[in-house]
Amino acid sequence: MTVVAVSVSRDHKWVACGTYQSGASVWDTELREKVIDVEGTKSVFAVDFSPDSTRFATGIYKEASVWSISSGERLVGPVKHDGTVTGMKFSPNGEQIATTSYGGSIRVFDSRTGDEVININTTTPSQGTITPLSWSNDGQQIFAVCKGNKIRSFEVSTGSQLTEIEIRKDGRLESIALATNGKFLAAYAGCTVSFLDTSTLSQIDPVVKDSERICSIALSPDCNYLATGRKDGKISVCTLGHILPDLYGPFHVCIWPAFCLPC
């Protein structure tokens, strides 16, 4: 079984994983037991929890659904899509869900009814993206990985594009991660992580360069650390206070600027 998507609830009680041809499951983090199984033998490429940790969403081939954690029942959907759903995120208030699909547009739908709120006309990558979109903290914008190694921001109410930046490093742009303080984004391509100012999508220097190809990234909840999952099976962790200007913090002072862990 290959795990292709994972999400942790905000109350830290649940972990959801999407798998290739084995559906999705939710695990109790205290008991370390599986409590929910959904989607049977289907491949689930995207999962996410609602902000109140009572619901979770799954994305499969041409469908998205919302499920109850307490009962395991489908609450919404399946909501039809044009292609395989590769990314999904609940809005900060939990009332909407944004989704992306291979080579398709960005869709926003009501998380309670499944009704479409807006279809944002852009072209997302046709392969390879892992976490291709994120909401701004106020829920007014969506940041998304788009075709051509570009990151774009869109106004949710109108679907209009606000800003754009092209990331040209040493590989295909795969994923973005938004800092919890809303001030910056991290994005990776190949062996390089770039940082972007969320208000302008301008690049913040310097970049982080790894010796191995990067396969995933995550920012710590306190915005102090960047973790990268590498092709060689190791995790690198670096302290952002040694990299980013103070205005994107505050950052803690750490005497270990970077280290690497085997997996």
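Predicted model: local features only at pLDDT ≥ 70, side-chain atom pairs only at ≥ 80, totals over all residues.
Residues are numbered from 1 along each chain as its sequence is written, and side-chain values use heavy atoms, with hydrogens and water left out.

The mean pLDDT (the predictor's confidence in each residue, from 0 to 100) is 84 for the protein, and 91% of its residues reach 70 or more. Among the secondary-structure elements, which are DSSP runs numbered from the N terminus (helices being H or I of at least four residues, and strands E of at least two), confidence is highest in strand 6 (residues 55-68), with a mean of 93, and lowest in strand 22 (residues 258-262), with a mean of 46. Over residues 257-263 the pLDDT stays under 50, and for this stretch the model has 20 contacts (heavy atoms within 4.5 Å) beyond four places in sequence.

Strands of a sheet pair through backbone hydrogen bonds, either parallel or antiparallel. Here two strands are taken to pair if DSSP finds at least two bridges between them. An open sheet is formed by six strands in the order 5-6-7-8-9-10, with antiparallel pairing. Its edges are strand 5 (46-49) and strand 10 (116-120), each of which pairs on one side only. Neighbouring strands of this sheet are turned by 25° against each other on average, direction ignored, where axes are lines fitted to C-alpha atoms (for helices over the stretch in contact) and angles run from 0 to 180 degrees between N-to-C directions. Within the sheet, strand 8 (residues 96-101) and strand 9 (residues 106-110) run antiparallel and are joined by five bridges, and Ile97 stands opposite Phe109 in strand 9.

Another open sheet consists of four strands in the order 15-16-17-18, again with antiparallel pairing. Strand 15 (173-178) and strand 18 (203-209) each have a single partner strand, so one side of each is left without a neighbour in the sheet. The twist from one strand to the next averages 20°. Strand 16 (residues 184-189) and strand 17 (residues 192-197) run antiparallel and are joined by six bridges, and Tyr188 has Val193 of strand 17 as its bridge partner.

Most residues other than glycine have a negative phi, and most peptide bonds are trans. Against this background, a cis peptide bond joins Gly77 and Pro78, with omega about 5°, and Pro78 is placed in strand 7 (residues 74-90). The peptide bond from Gly249 to Pro250 is also cis, with omega near 15°; Pro250 lies in the loop between strand 21 (234-239) and strand 22. Leu201, although not a glycine, has a positive phi of about 60°, and this residue is found in the loop between strand 17 and strand 18. Leu201 is buried (under 20% relative accessible area, with exposed being over 50% and partly exposed in between, for a 1.4 Å probe and protein chains only), at a value of 1%. Cys223 likewise has a positive phi, near 65°, and lies in the loop between strand 19 (214-219) and strand 20 (225-230), where this residue counts as buried at 3% relative accessibility.

Cys17, at 11% relative accessibility, and Cys238, at 12%, are also buried. A search of the whole structure finds zero disulfides (pairs of cysteine sulfur atoms within 2.5 Å).

The structure holds four aromatic pairs, defined for rings of Phe, Tyr and Trp (its six-membered ring) with centres within 6.5 Å, planes under 30 degrees apart counting as stacked, over 60 as edge-to-face and the rest as tilted. The ring centres of Phe49 and Phe56 are 6.4 Å apart and their planes stand at 50°, so the pair is tilted; Phe49 and Phe56 are both buried. Ring pairs link Phe49, Phe56 and Trp67 into a cluster. For Phe184 and Tyr248, the centres are 6.4 Å apart and the planes stand at 85°, so the pair is edge-to-face. This pair links distant parts of the chain, with Phe184 in strand 16 and Tyr248 in the loop between strand 21 and strand 22, 64 residues apart, and both residues are buried.

Gln141 lies in strand 12 (residues 141-146) and counts as partly exposed at 23% relative accessibility. Leaving aside residues up to four places away in sequence, Gln141 touches Ser134, Trp135, Ser136, Ser153, Phe154, Val156 and Leu162.
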